[in-house]
Amino acid sequence: MTVGQHRAGIPADAPVAAFPLGGIGTGTVSVGARGQLQDWEIFNSPGRGNVLPFTFFAIHAQRAGAAPVSRVLESRLRPPHGERPYGYLWWTAAGLPRLQDSVMHGEYPLVRVAFLDESLPVSVALEAFTPLIPLNAKESGIPGAVLRYRVHNPGDKPVTVTIAGSLANAVGFEPGTDGLFLPKFAGQPRNAYRDDGNIRGLWYTSSLPTHDIRHGTMALATAAQDVTAKPEWLSQFHHGFEEFWSDFSSDGRLSCTADDTAGEKNGLRVGSLAITADLEPGGERDFEFILAWHFPARPKGWPQLGGFAGVDPYSGQSMRNFYATWLSDAWDTAMYLHRNLPRLERDTRAFHESLFSSSLPPEILDAAAANIAVLRSNTCFRLEDGTLVSWEGTADHAGSWPGSCTHVWNYAQTVAYLFPELERSMRRVEFQLETDPDGRMNFRVNRVFGGPALWEVVTQNQEQQKLPAVDGQLGTIVRLYRDWRFSGDTALITDLWSHAKRALEFAIDQWDTQGDHVLRGPQHTTYDIELYGPNSLSSSLFYAALRAGAEMAAYLGEDESAERYRQAAERGAETMDRMLWNGEYYIQDLPHPDAQPYQYGTGCLSDQVFGQMLAHISGLGRVLPVSHTRQALAAVYRHNFRKQLFDHHHTQVTYALDDEGGLLLCSWPNGGRPRQPLIYCDQVWTGVEYQVATHMIYEGMIAEALEIVRTARARHDGYRRNPWNEVEAGHHYVRSMSSWGLVLAYTGMRYDGVTRTLAFAPGGGERQLRTFFSTSHGWGTYCQNESYVRLEVAYGRIALQRLRFPCIPNAAFDCIAVNGRRSSATSIADEKTVSLDIPSIELRAGDVLEAFFAPPDQVAGQGT
């Protein structure tokens, strides 16, 4: 599938479009809309705006009998060019000729930039990616990227083409600049040319000792044979740059120069690697580079505590990245990519093809795919043992709000369904390390580093940080149930149930203060304040957690506890509904709007039935009355969704404005807004928008849901905001991964690893559906039309005993076939659903299971 068939191209003048390349927990470098490399965030810390001097790719093309043409492989710099006290400095290479124009197409994890220039005798496009393979977290965490320039000769004469990559040695990179406005480096960089017979290219090291946290290596390599290199430019300010360009633009080949003094003044060394090939008329060639980095040590814990004031208990200490446990350095990384690239690229493209060839609405695909990037940003990282931890997001040069915050991760669905092993690692931390003996769960993790609870080391709002988060604690119980059912990992609940049960019992004791199963008292929430009194946000999560607890207790033979939790959920929902339903939506019960600051009272809260949404996704069914749930969502759409925000006046942080639309967190359609209302009420958060839209799809409100999603993604067009960076309290904010819920809701996809049941129930009621699907151990494509259902397994293995899907009208089940061979199955159907019971099978990559249907009078032996 060609990249770019789904989303409209992003023009070169889109100033904030930046497509990140890099693996899970490795840091990233981004491709801008002009094709430039920017935001080098590979040094175990956020680095928005980090620039490497003299780092760019260039093309030299000479048609037979014509003068050569040399250009930087970026489209031209766009104005404004002023407000630069010294102009464009020489290390930006702004004085070199660039291409006339470019168009970017990004469909995560693949990006393509097509360049346009009438002076070039060839056409050229960049395609770049880092392998991303669902269920393969290890190989989706490679610190590197493939940069492939595809060149086509449309003319009637041969053309000799060279593409050269120039790269600064950034080992020892430090924030800030020196007196020459160049980045600062610790130690002395060392550049070399290396050829091991398989790959060849630039090999960067440093004089820094291996125990220095800034120690690392970099490589720019290729498997091409016709290669020339200049491992190290001459120094002396711009003279080495000029010598490189003169050498390259003369004949496209690089001569090796030596300069023993390079880098002594400012620690900067630059090298270049070039690939040359002859293209016959009509010919096409890929010029492929592998960019790799390896910075094995990162600061231990949460450096600077991400906005908290406090003493960092790990100051000066470091820990190893997970990728450093299996990749020894950048050359080893480049070699691994080269050796395994056919398989890694095949599986990456299979995922892209399955996702983007689906019949889902484009706005859903756009939102779901784009926010996978959060997992591979500096927001998330993996510890040496593979455990996933995260900030909430990142500031430009630091993490933002530490601790894998439970009440933010409540919303996120991407990791649970694409990399469930990582999600399960988080559950083990939350329950085994961060849940105290009394059942109180710390909503920000820190003990995973071997230290105390996070609230013990902060000095800002310590008492608030000590409070358990009602939404985080209850939602984590629901997510444990979700992860257990999806994975079928019995050890997960046998190991964690005692902790989860304590957490649930703590919630009952702490917040069900009147014994009527409606929560009261101080309830710390994701809005960074305590809600007081009965409210449907906390209580709906309570009922979902009780249902989850009942299911897990029953599975483990604790029937008495299971029945107690089940009855509490039912009775509490009935009581809460009577208490808080105002005839249109659920409110918060307060004696007076201003009884406590930062409450919402009679307001219409967008998250008011969040617990029911989590219950839907987790397979727990209804925890609130269906009619009131749907009416509440209709009220949220009616009162909180704005098609434009010109007339929305507020004094809070602004994430959407003017002609943009968005979903407000809360409104007061009937008056009663407190003097000090819910602290973020007037803001627009994409993570909440996707959560609400997901829930609307489950409830059949398709048009409203899609409008909310379209509106959110329209704000991320490359001009207003980066399509691959949804901001809340930081870049690449975790809550935006709620967007994967849209895929789950629209397809009705659910896999139960305990019963080995795979089910689909399209939210849009489509008779024909094509979609990506995932289970805990395999993924592929599901197709349904009016005569058959088809499962194509692209990766892994899928244990299957039951397949459920919508009824095919005017047709009866005929038979199933696996790889074309007929097999037995039992069909049970009602008015809406067909359930096929299949003798236990395990489908593997490449296998195809088909279920065929025909008019009833043409089916013999119906039901077998």
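In the predicted model, the count of disulfides comes to 0.

Among the helices, H11 spans residues 559-580 and comprises 22 residues. The distance from its first C-alpha to its last reaches 31 Å, which is close to the 32 Å expected at 1.5 Å a residue. The buried residues of H11 are Ser 561, Ala 562, Tyr 565, Ala 568, Ala 569, Gly 572, Ala 573, Thr 575, Met 576, Asp 577 and Leu 580. The elements that cover these buried residues include helix H9 (490-511), helix H10 (536-555) and helix H13 (626-640).

The loop between H11 and strand E29 (604-605) contains Gln 599, which is buried with a relative accessible area of 0%. A polar atom of the Gln 599 side chain lies 2.8 Å from the backbone nitrogen of Tyr 532; because a polar contact is defined by N or O atoms within 3.5 Å, this distance falls inside the cut-off. When residues up to four places away in sequence are not counted, Gln 599 touches Glu 530, Leu 531, Tyr 532, Gln 588, Leu 590, Trp 668, Pro 674, Gln 676, Pro 677 and Leu 678.

Aromatic side chains form 42 pairs in the structure. One of these pairs consists of Trp 302 and Trp 391, arranged edge-to-face with 5.0 Å centre to centre and 75° between the planes. This pair links distant parts of the chain, since Trp 302 lies in the loop between strand E21 (297-299) and strand E22 (318-320), whereas Trp 391 lies in the loop between strand E24 (388-390) and strand E25 (393-394), 89 residues apart. Trp 302 and Trp 391 are both buried. A further aromatic pair, formed by Tyr 527 and Trp 685, is tilted, with 6.0 Å centre to centre and 35° between the planes. Tyr 527 is placed in the loop between strand E27 (523-524) and strand E28 (530-531), and Trp 685 in the loop between strand E32 (666-667) and helix H14 (686-698), so the pair ties together parts that are 158 residues apart in sequence. The relative accessible area of Tyr 527 is 1%, which places this residue among the buried ones, and Trp 685 is buried as well, at 3%.

Aromatic residues also occur in a cluster and beside charged groups. Phe 54, Phe 56, Trp 233, Phe 241, Phe 244, Trp 245 and Phe 248 together form one aromatic cluster. The charged end of Arg 298 sits over the ring of Phe 381, at 3.9 Å from the ring centre, and that of Arg 349 sits over the ring of Phe 129, at 5.9 Å from its centre.

Several backbone features were also identified. The peptide bond from Pro 79 to Pro 80 is cis, with omega near 10°, and Pro 80 belongs to the loop between strand E6 (69-75) and strand E7 (98-99). Another cis peptide bond joins Tyr 108 to Pro 109, with omega about 20°; Pro 109 is located in the loop between strand E8 (101-107) and strand E9 (110-116).

Positive phi values were found in residues other than glycine, among them Asp 39, for which phi is near 50°. Asp 39 is situated in strand E4 (residues 37-41) and is buried, with a relative accessible area of 8%. Asn 44, also not a glycine, has a positive phi of about 65°, and this residue is found in the loop between E4 and strand E5 (56-63). Like the other residues described as buried, Asn 44 falls under the 20% limit, its relative accessible area being 9%.

Notes
Residues are numbered from 1 along each chain as its sequence is written. This is a predicted model: local features need pLDDT of at least 70, side-chain atom pairs count only at pLDDT 80 or more; totals for chains, interfaces and linings use all residues. Side-chain values use heavy atoms; hydrogens and water are left out. A disulfide is a pair of cysteine sulfur atoms within 2.5 Å. Helices (H or I, at least four residues) and strands (E, at least two) are DSSP runs, numbered from the N terminus. The expected span of a helix is 1.5 Å times one less than its number of residues. Buried means under 20% relative accessible area, exposed over 50%, partly exposed in between (1.4 Å probe, protein chains only). Contact means heavy atoms within 4.5 Å. Rings of Phe, Tyr and Trp (its six-membered ring) pair if their centres lie within 6.5 Å; planes under 30 degrees apart count as stacked, over 60 as edge-to-face and the rest as tilted. A charge sits over a ring if NZ of Lys or CZ of Arg is within 6 Å of the ring centre and within 35 degrees of the ring normal. A polar contact is a pair of N or O atoms within 3.5 Å; within protein, one must be able to donate a hydrogen and the other to accept it, and residues adjacent in sequence count only if both atoms are side-chain atoms.
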